[in-house]
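User: I'm new to this one. Please walk me through it, and start with how to read the labels.

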Amino acid sequence: MTTAFDPVDLAGTPLANRIVMAPMTRNRATPEGVPTPSMVRYYTQRASAGLIITEATQTSVVGRGYPLTPGLHTPEQTAGWREVTDSVHAAGGRIFAQLWHGGRIGHPVLLPDGLVPVAPSAVAAAGQGFTHEGLKDFVTPRELTGEEIAETIAGFAAAARNAVEAGFDGVEIHGANGYLVHQFLAPNANLRTDEWGGSDEARARFAVEVVRAVAAEIGAHRTGLRISPGNTFNDIAEPAPEATYTALVEAIAPLGLAYLHTCDVRDPDLPARLRKRFGGTFLLNPVTDGRPTGVAELALVEEGAADLLAYGALFLANPDLPARLAAGGPFNTPDPATYYGGTDAGYIDYPALDA
């Protein structure tokens with residue numbers, strides 16, 4: 001019987017176990033998006049994970065959705081990440097960078113030179129976003145032109161190339177939780193009627209093209225994709241997501257990606273159906289009804305429901321989480337003040353909660 005503590009080969013990258021540290025926003029980079037010594041320490045402390053997936057890392061200046069988030073689009077950012085990856089590798093760990101573009105989730109005060117957030121359509125998200133000036137209402141984004149969409153896709157590929165230069169073992173494309181890739185997938189955020197919207201296949205096209213561009217740049221074996229069909233976070237509405245995500249998964253399945261990662265999927269049976277269509281390594285961040293993923297979820301690997309299992313909140317409070325899971329505890333309790341979504345789909349760990 002396969003367990004979560006067994007090693008596995010991830011498309012050529014050997015993992016010591018199948019316990020994955022989920023991507024979690026932390027807001028500890030410099031204002032220029034350069035990783036800091038705090039980030040080196042944080043990730044190195046958690047190197048016993050089979051795989052670490054970093055916090056969301058913007059692929060361009062306009063992609064920044066929160067303050068003090070890191071990037072992978074300048075030489076300084078790339079060099080800063082090298083400090084992280086070298087330290088994690090020295091501790092025996094493996095680490096992927098999560099590539100992210102906030103899209104309409106952001107605010108002009110976070111952006112330089114008069115830039116405003118961009119999105120598939122000029123539709124503002126309801127609610128407020130976190131900025132260095134406090135919470136602010138989301139603004140109406142500027143609709144991307146066809147040429148700008150191509151440039152944005154190229155930006156993901158360039159960031160992936162920088163990630164490899166920075167020493168990452170691979171990258172995960174953030175297609176979940178209401179950010180730009182997810183905005184293209186969602187019918188309430190993508191009102192386009194051109195080749196980038198209007199049908200399930202057209203709404204899936206941006207995600208598909210980003211995946212193809214990144215895989216062509218660094219290799220499919222170094223490329224993963226995270227999705228959250230039906231997740232309503234960041235004012236996303238996908239009342240019938242299966243057709244769109246089926247089109248997406250069927251388009252990327254032939255590429256031979258490192259993995260497909262699902263999180264906060266509202267239809268509990270949909271991940272299994274998408275996994276079957278994908279055919280490759282499946283990373284599951286399970287819905288756990290308002291509590292962090294814990295010991296009970298280890299059975300999902302034993303039962304064959306997932307190849308890899310992602311843990312979020314418990315990794316913040318327990319840097320040595322794999323050893324604690326193997327022993328059945330004890331566990332430090334995560335602070336629920338920063339825990340959103342009711343699952344480990346995401347975690348905002350603000351600077352006041354330094355680990």
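Analyst: Helices and strands are DSSP runs numbered from the N terminus, with at least four residues (H or I) for a helix and at least two (E) for a strand. One caution before the rest: this is a predicted model.

User: OK. Where is Asp-113 in that scheme?

Analyst: Asp-113 sits in the loop between β5 and β6 (118–119). Its phi is near 55°, which is a positive value in a residue other than glycine.

User: Is Asp-113 buried or exposed?

Analyst: Exposed, because its relative accessible area is 77% and the cut-off for exposed is over 50%.

User: What about Leu-68, what is its phi?

Analyst: Leu-68 has a positive phi of about 60°, although it is not a glycine. This residue is in the loop between β4 (51–58) and α2. At 30% relative accessibility, Leu-68 counts as partly exposed.

User: How confident is the model overall?

Analyst: The protein chain averages a pLDDT of 94, and 94% of the residues score at least 70.

User: Where does pLDDT stay under 50?

Analyst: Over residues 339–355. The model has 69 contacts beyond four places in sequence for that stretch. Where pLDDT is low, the predicted coordinates should not be read in detail.

User: Let's do helices. How many residues has α5?

Analyst: α5 covers residues 200–218 and has 19 residues. From first C-alpha to last, α5 reaches 28 Å, close to the 27 Å expected at 1.5 Å a residue.

User: Where is the kink in α5 centred?

Analyst: On Phe-206, with an angle of about 35°. Phe-206 is also one of the buried residues of α5, along with others including Ala-202, Arg-203, Val-210 and Ile-218.

User: What do the buried residues of α5 pack against?

Analyst: They pack against α3 (146–165), β10 (170–175), α4 (180–185), β11 (223–227) and α6 (242–252).

User: And just after α5, which residue takes a positive phi?

Analyst: Gly-219, with a phi of about 100°.

User: You mentioned α3. How far does that helix reach?

Analyst: α3 has 20 residues and reaches 29 Å from its first C-alpha to its last, close to the 28 Å expected at 1.5 Å a residue. Gly-167 follows α3, and its phi is positive, near 95°.

User: What covers the buried residues of α3?

Analyst: The cover includes α2 (75–90), β5 (95–100), β10, α4 and α5. Among the buried residues of α3 are Ile-149, Ile-153, Phe-156 and Asn-162.

User: Pick Ile-153. Which residues does Ile-153 touch?

Analyst: Not counting residues up to four places away in sequence, Ile-153 touches Trp-196, Phe-206, Glu-209, Val-210 and Ala-213. Phe-206 is where the kink in α5 is centred.

User: Why does Ile-153 count as buried?

Analyst: Because its relative accessibility is 11%, and buried means under 20%.

User: New topic: Ala-22. Where does it lie?

Analyst: Ala-22 lies in the loop between β3 (19–21) and α1 (37–45). At 1% relative accessibility, Ala-22 counts as buried.

User: What is Ala-22 in contact with?

Analyst: Leaving aside neighbours within four places in sequence, Ala-22 is in contact with Ile-53, Arg-226, Asn-285, Ala-310, Tyr-311 and Gly-312. The C-alpha atoms of Ala-22 and Gly-312 are separated by 4.9 Å, although the two are 290 residues apart along the chain.

User: Now Thr-288, buried or exposed?

Analyst: Buried, with a relative accessible area of 3%. Thr-288 is in the loop between β13 (282–285) and α8 (299–302). A polar atom of the Thr-288 side chain lies 2.3 Å from the backbone oxygen of Arg-291.

User: Last one. Which peptide bond is cis?

Analyst: The one from Gly-329 to Pro-330, with omega near 5°. Pro-330 is in the loop between α10 (321–327) and β15 (339–340).

Methods: Residues are numbered from 1 along each chain as its sequence is written. This is a predicted model: local features need pLDDT of at least 70, side-chain atom pairs count only at pLDDT 80 or more; totals for chains, interfaces and linings use all residues. Side-chain values use heavy atoms; hydrogens and water are left out. The expected span of a helix is 1.5 Å times one less than its number of residues. The bend at a residue is the angle between axes fitted to the seven residues ending there and the seven starting there. Buried means under 20% relative accessible area, exposed over 50%, partly exposed in between (1.4 Å probe, protein chains only). Contact means heavy atoms within 4.5 Å. A polar contact is a pair of N or O atoms within 3.5 Å; within protein, one must be able to donate a hydrogen and the other to accept it, and residues adjacent in sequence count only if both atoms are side-chain atoms. pLDDT is the predictor's confidence in each residue, from 0 to 100.
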